[in-house]
Amino acid sequence: MSLAAYITLIMMSLALVVVFIRLVKGPTLPDRVVALELMASIMVGMIGVHAIYTNSSSFIDVAIVMALTAFLAAIGFARFLERGGPRHD
Amino acid sequence: MTEWLIMLLMLSSGFFMLLAALGILRLPDLPTRMHASTKAGALGAILVMAAAALFFTEAVVVTKAIAVILFILITAPIAAHAIGRAGYFVGVPLWEGSVKDELKSSYDPETHRLVSGLETAEELDQYRRNLDIKPRIKPKRRKNSSF
């Protein structure tokens, strides 16, 4: 079980690094917002794997909060872009 | 048996997360990147939560995991729609290999108005009279922005 958790965590960390490259490269603000949203999604997955690995179910609550904040941030960014934020970042 | 199923769910979740990350890095423009990240990323999170529900097998945890899965299923398409819409209105360029852009012929980015081409004469007249009302979305200010 712990070996599978290790491998999954390694894969997700690799995914975080790859998404971070897109976050730095851009080239536009919506691209970065999409990258940030995927990062939050990967964080939810990592928290779930950590809950299984440490056998403590309280971490599921943390995953709920993480998913909620990611959704609110994405909606906020979209509203900000539509209501005339800066067109270039 | 259940242990193997949990391992399989976790590993496939990691695989899908990695796939989403590769898609977001390698695909050419905003809608294709969103196509990779929204679907594969949401599936990865859902698989992890299913693995957690199978692992703990307490009613409280299973309910929480199902709540997370439902929440992701509801919010992922909404967030993707909002960002994609904002990206199109802001003027993010599409990939030059894109085959279809159905909004391009009927949407005017300067006035933020949509015309279907099936309007009657008086509807078009109404449309022209309302053109000086300030649109809620401002057009692009600089022609040579650093996209």
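Tutor: α2(A) has 26 residues and reaches 37 Å from its first C-alpha to its last. Helices here are DSSP runs of H or I, at least four residues long, numbered from the N terminus. The model is predicted: local features need pLDDT of at least 70, side-chain atom pairs count only at pLDDT 80 or more, and totals for chains, interfaces and linings use all residues. Residues are numbered from 1 along each chain as its sequence is written, while chains are lettered from A and ligands numbered from 1 in the order in which they are written.

Student: What span is expected for α2(A) at 1.5 Å a residue?

Tutor: The expected span is 1.5 Å times one less than the number of residues. α2(A) has 26 residues, and its reach of 37 Å is close to the expected value.

Student: How many residues of α2(A) are buried?

Tutor: A residue is buried if 20 or more other C-beta atoms, placed from the backbone, lie within 10 Å of its own. By that count α2(A) is largely enclosed by the rest of the structure, because the buried residues number 19 of the 26.

Student: Which helix of chain A supplies the largest share of the side that touches chain B?

Tutor: Contact means C-beta atoms, placed from the backbone, within 7 Å. On that basis 44 residues of chain A are in contact with 52 residues of chain B. α1 (2-25), α2 (29-54) and α3 (59-82) of chain A each supply at least two residues of that side of chain A. The largest share, 15 residues, comes from α2(A).

Student: How does α2(A) lie against α1(B), roughly parallel or roughly antiparallel?

Tutor: Their axes, lines fitted to C-alpha atoms over the stretch in contact, come within 11 Å and cross at roughly 165°. Angles run from 0 to 180 degrees between N-to-C directions. Angles over 145 degrees count as roughly antiparallel, those under 35 as roughly parallel. So α2(A) and α1(B) are roughly antiparallel.

Student: Which residues of α1(B) meet α2(A)?

Tutor: From α2(A) come A:Val34, A:Ala35, A:Leu38, A:Ile42, A:Gly45, A:Val49 and A:Ile52. Their partners in α1(B) are B:Met10, B:Ser13, B:Met17, B:Ala20, B:Ala21 and B:Ile24.

Student: At what angle do α3(A) and α3(B) pack?

Tutor: α3(B) covers residues 59-90, and the axes of the two helices are 9 Å apart. α3(A) and α3(B) are roughly parallel to each other. The angle is about 15°.

Methods
Two residues are in contact if their C-beta atoms, placed from the backbone, lie within 7 Å. A residue is buried if 20 or more other C-beta atoms lie within 10 Å of its own, exposed if 12 or fewer, and partly exposed in between; C-beta atoms are placed from the backbone. Angles under 35 degrees count as roughly parallel, over 145 as roughly antiparallel, 65 to 115 as roughly perpendicular and the rest as oblique.
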